[in-house]
Amino acid sequence: MSSDITVLYFARLREAVGTSEELMPLPHGVSTAGDLLRHLADTDEQKKFAFEGLDIKIAVNQEQATPDTAIAAGDEIALFPPVTGG
Amino acid sequence: MPVRIQPEVFDAGAELVKLTNGRPDIGASVTFVGQVREMSSGNSLHTMTLEHYPAMAQAELERIESEAKGRFDIQDVEIIHRFGDLSPGDPIVLVIATSASRQPAFDAANFIMDFLKTNAPFWKKEHAADGSHWVDAKSSDDAATQRWQK
C-alpha cells in the first residue's frame, strides 16, 4: 500500500486551490479528515484562503465522510463544495 | 446497466422500452427527466458545464439505487447522469423506476432524485452573458432529502 494520500479538489474549491489532485505523504499528526483540512490550511496560504467561508464536504475513499472520519496512508480524500447535480 | 454516467445524450423512451420489454411483472413505470433550463438566477443562460467526481458519482448513485430497492417494492431502477458541456433544453438526468403497481415506482423515483440532488458529486457551472459562475446548492434540496430520514 502506498504511504501517500491522494487529495482531490472539485468545482469552485479546485479553482480556488489551483489544482485538482495532489499526492502527499500522510502528514505527521494527521489522523482524521478534519486534521488534514487544518494541516492544509496551516501550511498553504492559498488553501487557507480557498477554504475560508466555504462549506467544505469531505469524502474518504469515494464515501461521504465527516471531519471525524479517520484517514490513513493510501486513502483518497476528496474536498468539494455542496453538490449541485441533477 | 442500472447506473450510467456519460457525456452523451440519452433517449428516455428507448431506455424505458429496454427496461420494460418482455417484463409482464412490471405494471408501472415512472420516468423522470431533468433538463437544462434557459433562465437561471435572472441571467440568460447560454451553456452549462457539469463537473463530477467519477469514481464517487458511480458509487454514490449505486448506493442510492440500492437504498431505493431496499425501501420500496420496486422491480428495477435505471439512472443516467450526464457530465460535460450542456445547453438549454438538453437532458441532464434520467431516472426510471418500475414496479408492479404505481405507488412504489413514484416514491422510488422521487426518493432517488432527492438523494441524487444532495449526495451525488456533480457540480454545475453556468456560462451566461455576464460571465461564468458555480451554481449554489439549495437548502430546499436538503429539506427534500431530510423528509425521507425518519
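1. Let us start where the two chains meet. Three salt bridges are counted between chain A and chain B; a salt bridge here is a side-chain nitrogen of Lys or Arg within 4 Å of a carboxyl oxygen of Asp or Glu. One pairing to look up is Arg12(A) with Asp136(B), a salt bridge whose closest N and O atoms are 2.8 Å apart.

2. A word on what you are looking at. This is a predicted model, in which local features need pLDDT of at least 70 and side-chain atom pairs count only at pLDDT 80 or more, while totals for chains, interfaces and linings use all residues. Residues are numbered from 1 along each chain as its sequence is written, chains are lettered from A and ligands numbered from 1 in the order in which they are written, and side-chain values use heavy atoms, with hydrogens and water left out.

3. Back to the interface. In contact across it are 19 residues of chain A and 27 residues of chain B, where contact means heavy atoms within 4.5 Å. The buried area between the two chains is about 1900 Å², and carbon and sulfur atoms give 55% of it; buried area is the accessible area (1.4 Å probe) that two parts lose on being put together, summed over both. Val83(A), Thr84(A) and Gly86(A) supply 34% of the area that chain A buries against chain B, more than any other three residues.

4. Polar pairs also cross between the chains. The rule finds 16 residue pairs in polar contact across the interface of chain A and chain B, both residues being at pLDDT 80 or more. A polar contact is a pair of N or O atoms within 3.5 Å; within protein, one must be able to donate a hydrogen and the other to accept it, and residues adjacent in sequence count only if both atoms are side-chain atoms.

5. Which elements give two or more residues to the side of chain A that touches chain B? They are H1, S4 and strand S5 (76-80) of chain A. Helices (H or I, at least four residues) and strands (E, at least two) are DSSP runs, numbered from the N terminus. H1(A) gives the largest share of this side, four residues. By class, the side of chain A that touches chain B has nine nonpolar, five polar and five charged residues. In this sorting, Ala, Val, Leu, Ile, Met, Phe, Trp, Tyr, Cys and Pro count as nonpolar, Asp, Glu, Lys and Arg as charged, and the others, Gly among them, as polar.

6. Now look inside chain B. The largest nonpolar core has 30 residues, and Leu61(B), Ile79(B) and Ile112(B) have the most contacts inside it. Strand S1 (3-6), strand S4 (43-52), helix H2 (54-71), strand S5 (74-82), strand S7 (91-99) and helix H3 (102-119) of chain B each supply at least two residues of this core, and H3(B) gives the most, with eight residues. A nonpolar core is a set of buried Ala, Val, Leu, Ile, Met, Phe, Trp, Tyr and Cys residues joined through side-chain atoms within 4.5 Å. Buried means under 20% relative accessible area, exposed over 50%, and partly exposed in between (1.4 Å probe, protein chains only).

7. Leaving aside neighbours within four places in sequence, the contacts of Ile79(B) include Pro2(B), Leu61(B), Leu94(B), Ile112(B) and Leu116(B). Apart from this core lies another, of 21 residues, among them Tyr9(A), Val30(A), Ala50(A) and Phe51(A).

8. Glu78(B) and Arg4(B) form one, with the closest N and O atoms 3.4 Å apart. This pair links distant parts of the chain, Glu78(B) in strand S5 and Arg4(B) in strand S1 of chain B, 74 residues apart. Both Glu78(B) and Arg4(B) are buried. Arg4(B), Glu15(B), Lys18(B) and Glu78(B) are linked in a network of salt bridges.

9. Compare a pair within one helix. Arg63(B) forms a salt bridge with Glu60(B), the closest N and O atoms being 2.7 Å apart. Because they are three residues apart in helix H2 of chain B, Arg63(B) and Glu60(B) are separated by about one helical turn.

10. Finally, two backbone angles to check. Ala11(A) has a positive phi of about 55° although it is not a glycine; Ala11(A) is found in helix H1 (residues 11-17) of chain A. Asn61(A), also not a glycine, has a positive phi near 50° and lies in the loop between strand S3 (57-60) and strand S4 (63-65) of chain A.
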